[in-house]
Amino acid sequence: MTTLQGRDPAHTVRSYEEELNHLSNVVMRMGGQAEAQLASAVQAVLRRDSELATRVVVADARIDEMEQEVHAFTVRLLALRQPMADDLRAIVGALKISADLERIGDYAANVAKRALVLNQLPPVPAVSGLPSMARLVQEIINDILDAYIEKDVEKALQVWRRDEEVDDLHTSLFREVITYMMEDPRNITACTHLMFMAKNIERIGDHATNIAETIHFLVTGKALPLRRPKGKAETDLTPPAAG
């Protein structure tokens, strides 16, 4: 049986659910791409692989395209479906999360851009401290994507709390790099690039905690009432996260 408009209500509901699932899938693909970008950028640093670094920079455009796809799709859903309550939070949440993932992709590309410069300079020992920080942030991205697809508030809160670990690793690496700069002025240029790389990775962790807060609101309808944890030794000497 059909309605006066010639549409099957059950089909309409299925179509709407498929649209919401499609939106979630695009966000998940964005997240997977952003995570892969970070991993490749760090490998480009460790291997001094300028070709890989260049691929990371070029691939950032794909994340930008997916963010535009999410934006266009959310506008369409808001206009045509006029969602309420849970569905509205899911759609707006996807829009916010895609913005954070786009920034994560940008920061990964920034790491790759600096790798291109760093690869032209003599190696410095401080590079070895970068992977542990990057691995932690990759774990956090992976966990927050799981929390998003599973709508798991507790897992999102676990990610949110781990931001303090990222801050502490960042501070430790910062101090190590400063030591190398003081020991040998010839390391100053390379170490400055490393400090910016570390800051970019730390900012990726911040965006992952933004996503955790969005998931909390998406599922509960309430803003996270807690104050975001920060590392015990956060320093004011950290350079800004420039490209």
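The expected span of a helix is 1.5 Å times one less than its number of residues. Helix 6 of this predicted model has 21 residues, and the distance from its first C-alpha to its last is 31 Å, close to the 30 Å expected at 1.5 Å a residue.

Of the 243 residues in the protein, 47% are buried. Among contacts in the protein with a separation of 6 or more, 84% join residues 24 or more positions apart.

Helix 2 covers residues 50-81. Its N-terminal end is capped by Asp49, with a side-chain oxygen of Asp49 lying 3.1 Å from the backbone nitrogen of Glu51. The 32 residues of helix 2 should span 46 Å at 1.5 Å a residue, and the end C-alpha atoms are 47 Å apart, which agrees. The buried residues of helix 2 are Leu52, Ala53, Val56, Asp60, Ile63, Met66, Glu67, Val70, Phe73, Thr74 and Leu77. After helix 2 comes Gln82, which has a positive phi, near 45°.

Helix 3, residues 85-118, contains Asp106. Ala85 is also found in helix 3, and the phi of Ala85 is near 50°, a positive value in a residue other than glycine. Is Asp106 buried or exposed? Asp106 counts as buried because its relative accessibility is 15%, and buried means under 20%. The side chain of Asp106 makes a polar contact with the side chain of Arg103, at 2.7 Å. Once neighbours within four places in sequence are left aside, Asp106 is in contact with Asp60 and Asp64. Asp60 is itself one of the buried residues of helix 2.

Helix 4 runs over residues 130-150. At 1.5 Å a residue its 21 residues should span 30 Å, and the end C-alpha atoms are 30 Å apart, which agrees. Helix 4 is followed by Lys151, which has a positive phi. That phi is near 55°, in a residue other than glycine. Lys151 is placed in the loop between helix 4 and helix 5. At 34% relative accessibility, Lys151 counts as partly exposed.

Back in helix 6, which residues are buried? They are Asp163, Val166, Asp167, His170, Thr171, Leu173, Phe174, Val177 and Met181. What do the buried residues of helix 6 pack against? Their partners are helix 4, helix 5 (153-161) and helix 7.

Two further residues of helix 6 give a contrast in accessibility. Asp168 is in helix 6 and, at 27% relative accessibility, counts as partly exposed. Ser172 is also placed in helix 6, and its relative accessibility of 43% makes it partly exposed as well. Asp168 and Met133 are 35 residues apart in sequence, with 9.5 Å between them in space, C-alpha to C-alpha. Ser172 and Gly129 are 43 residues apart along the chain, and their C-alpha atoms are separated by 8.9 Å.

Two packed helices are described by the angle between their axes and the distance between the axes. The axes of helix 6 (residues 163-183) and helix 7 (residues 188-220) come within 10 Å and cross at roughly 175°. Helix 6 is therefore roughly antiparallel to helix 7, since angles over 145 degrees count as roughly antiparallel. On the helix 6 side, the contact is made by Asp163, Val166, Asp167, His170, Leu173, Phe174, Val177, Ile178, Tyr180 and Met181. Helix 7 contributes Ile188, Cys191, Thr192, Leu194, Met195, Ala198, Lys199, Glu202, Gly205, Asp206 and Thr209. By type, the residues of this contact divide into twelve nonpolar, four polar and five charged.

Notes
Residues are numbered from 1 along each chain as its sequence is written. This is a predicted model: local features need pLDDT of at least 70, side-chain atom pairs count only at pLDDT 80 or more; totals for chains, interfaces and linings use all residues. Side-chain values use heavy atoms; hydrogens and water are left out. Axes are lines fitted to C-alpha atoms, for helices over the stretch in contact, and angles run from 0 to 180 degrees between N-to-C directions. Helices (H or I, at least four residues) and strands (E, at least two) are DSSP runs, numbered from the N terminus. Angles under 35 degrees count as roughly parallel, over 145 as roughly antiparallel, 65 to 115 as roughly perpendicular and the rest as oblique. Contact means heavy atoms within 4.5 Å. Ala, Val, Leu, Ile, Met, Phe, Trp, Tyr, Cys and Pro count as nonpolar, Asp, Glu, Lys and Arg as charged, and the others, Gly among them, as polar. Buried means under 20% relative accessible area, exposed over 50%, partly exposed in between (1.4 Å probe, protein chains only). A polar contact is a pair of N or O atoms within 3.5 Å; within protein, one must be able to donate a hydrogen and the other to accept it, and residues adjacent in sequence count only if both atoms are side-chain atoms.
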